[in-house]
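Follow the text with the structure open.

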Amino acid sequence: MVDLEAVRKAVGGLRDPELRRTLEDLHMVEGVEADGDRVTVKVKLTTKSCPLQGQIEGMVKERLAGMPGVGQVVVQLSEMDPQERANLFNGTVQKAPILAPESRTQIIAVASGKGGVGKSTVTANLAVTLARMGYEVGLLDADIYGFSIPRMFLLSGRQPTAIDNKILPMVAHDVKVISMGNFVEEGTPVIWRGPMLGKILNQFVGDVLWGEPDYLLVDLPPGTGDMALDVARLMPKAGLVIVTTPQTVASGVASRAAHMARKSEQRLVGIVENMSTFICPHCGEATAFFGEGGGEFLAKQLAVPLLAQIPMTLSIRQGGDAGKPAALTDPVIGEVFEDLARKLVTEMQGQEARSGTAGR
Ligand SMILES: Nc1ncnc2c1ncn2[C@@H]1O[C@H](COP(=O)(O)OP(=O)(O)OP(=O)(O)O)[C@@H](O)[C@H]1O
């Protein structure tokens, strides 16, 4: 005898790979039936064109395999009607828009004074680390000219699913990702300017079904251009983390980014010094390749904490190119980023509490 309640519970406990919620929460389990040991599970997808339907079918079969009394498993897929979908998206998936005062999502914008200091690398590694620590994480790649996030998450060339004018973020390494890089042909230059940038950012925030992540990381373009100002305008509560190298600090470009943030009344959370030392892949010796003390100097100057000093390692570069951030594969780097994530979470909580906005 098949225990249909147990089957329903087992299927209901599976998580939708895109929406990151259980099928039960999403009201996707329409019914379970048994005819002898032949079990039929009816699953209602948000859309029949869902590219993950094969994956969902496989998940159900794998989950039920070997359950007492269960022999053959048949998965019948159907589709929600627009009303059911709207109820689901506006209710279960996204209770409040991500920028609404009642949203629980904390936004962390990651900036740098100039390009090439490793801002995207730090953002990607921080995102996967927060996800590994159990937080729900979204990553918005607002570096629309020099997007490198899709490559770092092995998402190049893929397109997110769009349903009823909403976009589902792609998921990689447990992080929900949206990047301009997934909306344009590879190698095509992005030439929008001024007001268009604000519109894209608006869309990436308003039209993407982020759900309710604990943290939304925003990878800003380098420098103090239009996009950084748009982020300040659209996300006034975002905390800003500035990535610098010891050398960049010396040239003063990092502090320009910080001063702009202050001017636009953005909340500075802290500094991350990247490429602090070069770790030789052969002998393991650490060399202060770009000088020393820069991050600390900037942190003192701005009266914010130095959250981390990230070494320059082969594993970080290789992880970025291979689509698997090194924080997931190199235990030493994993530890460095976990330390950064813990400090960042604590600092954000402290700032919230001090400004009296905790629990918003
Ligand atoms: N700590 C590190 N160790 C080794 N390589 C690193 C490290 N940080 C960054 N890199 C490498 O440096 C290059 C530039 O990094 P990244 O793309 O993250 O910079 P960025 O500041 O985001 O640049 P841009 O804003 O111009 O896109 C990449 O090849 C990346 O793999």
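Leaving aside its neighbours within four places in sequence, G115 is in contact with G146 and P222; contact means that the C-beta atoms of two residues, placed from the backbone, lie within 7 Å. This is a predicted model: local features need pLDDT of at least 70, side-chain atom pairs count only at pLDDT 80 or more, and totals for chains, interfaces and linings use all residues. Residues are numbered from 1 along each chain as its sequence is written.

G115 lies in the loop between β4 (106-112) and α4. Helices (H or I, at least four residues) and strands (E, at least two) are DSSP runs, numbered from the N terminus. G118 is found in the loop between β4 and α4.

Buried or exposed, what is G118? G118 is buried, because 23 other C-beta atoms lie within 10 Å. G115 is partly exposed, because its count within 10 Å is 14 other C-beta atoms. The cut-offs are 20 or more for buried, 12 or fewer for exposed, and in between for partly exposed, with C-beta atoms placed from the backbone. With neighbours within four places in sequence left aside, G118 is in contact with V243, N274 and M275.

Now turn to the ligand. It is surrounded by 20 residues, and the closest are G115, G118, S120, T121 and I316. Two or more shell residues each come from α4 (119-132), β12 (267-279), β14 (306-312) and α11 (314-322). Near means a C-beta atom, placed from the backbone, within 6 Å of the molecule or strand.

The UniProt record, an unreviewed entry, places a "binding site" at G113, K114, G115, G116, V117, G118, K119 and S120. Such annotations may be inferred rather than shown by experiment; positions follow the numbering used here, and feature names are shortened.
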